[in-house]
Amino acid sequence: MVQGKLEVLLISAKGLENTDFLSDIDPYVILTCRTQEKKSSVASGKGTEPEWNETFLFKVSGGVSELKLKIMDSDTITSDDFLGEANVPLEPLFEQGSLPPSSYNIVKEGEYCGEIRVSLTFTPEESYDRDLPEESFGGWKQSSFD
């Protein structure tokens, strides 16, 4: 069973759809690993090719198979726009321990709509062997004081 710490370096994105009519989009990312959710900062005015260079930590335990990245456009007056999402498979990471910066396709309604770049590191949790013999401590010994 996989257990440990997942470190995600959110680097950048490119080719995002500009959903704002008169200005550049202000993208941010919601990272989800099973039930844990983290949110990046908003790349204000960075448009369709934002850079974040932010690190996020998740606790990982058995059964987790992917990291979901949901890309949003922060809007002040209306609700935030959904720009697309990417799913990052974690199985190769668990086998190798770390994955160099890689690009993953962003998809919206089944259509390709850009790429997001992340780097991943997995640190397994130390597992303690419960079958170790109990430590034995020496008993009381009478001292010989003169």
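Which strand holds the place of Asn53? In this predicted model, Asn53 sits in strand E4, which covers residues 51-60. For context, most residues other than glycine have a negative phi. Asn53 counts as partly exposed because its relative accessibility is 47%, between the 20% and 50% cut-offs.

Glu109 also has a positive phi, near 55°, and again this is a residue other than glycine. Here the setting is a loop, with strand E7 (98-108) on one side and strand E8 (111-124) on the other. With a relative accessibility of 75%, Glu109 is over the 50% cut-off and therefore counts as exposed.

Another positive phi turns up in a hairpin. Strand E2 (residues 27-33) pairs with strand E3 (residues 36-39) in the antiparallel sense, and 4 bridges join the two. Across this pairing, Thr32 of chain position 32 faces Glu37 in E3. The hairpin leaves 2 residues between its strands, and Arg34 takes a phi near 60° there.

Now for the interior. In soluble globular proteins, nonpolar side chains tend to be buried together. The largest nonpolar core in this model has 32 residues, and the members that touch the most others are Leu6, Leu67, Leu69, Ile116 and Leu120. Two or more residues come from each of strand E1 (4-14), E2, E4, strand E5 (66-73), strand E6 (81-89), helix H1 (91-96), E7 and E8. Of these elements, E8 gives the largest share, at 5 residues.

Leu6 is a handy place to look at the packing in detail. Setting aside neighbours within four places in sequence, Leu6 is in contact with Cys33, Phe56, Leu57, Phe58, Val60, Leu90, Leu93, Leu120 and Thr121. One of these partners, Leu120, is itself listed with Leu6 among the core members that touch the most others.

That leaves the cysteines. Cys33, one of the contacts of Leu6, has a relative accessible area of 1%, so Cys33 falls under the 20% cut-off and is buried. Cys113 counts as buried too, because its relative accessibility is 13%. As for disulfides, a search of the whole structure turns up 0.

Methods. Residues are numbered from 1 along each chain as its sequence is written. This is a predicted model: local features need pLDDT of at least 70, side-chain atom pairs count only at pLDDT 80 or more; totals for chains, interfaces and linings use all residues. Side-chain values use heavy atoms; hydrogens and water are left out. Buried means under 20% relative accessible area, exposed over 50%, partly exposed in between (1.4 Å probe, protein chains only). Two strands pair if DSSP finds at least two bridges between them. A nonpolar core is a set of buried Ala, Val, Leu, Ile, Met, Phe, Trp, Tyr and Cys residues joined through side-chain atoms within 4.5 Å. Contact means heavy atoms within 4.5 Å. A disulfide is a pair of cysteine sulfur atoms within 2.5 Å.
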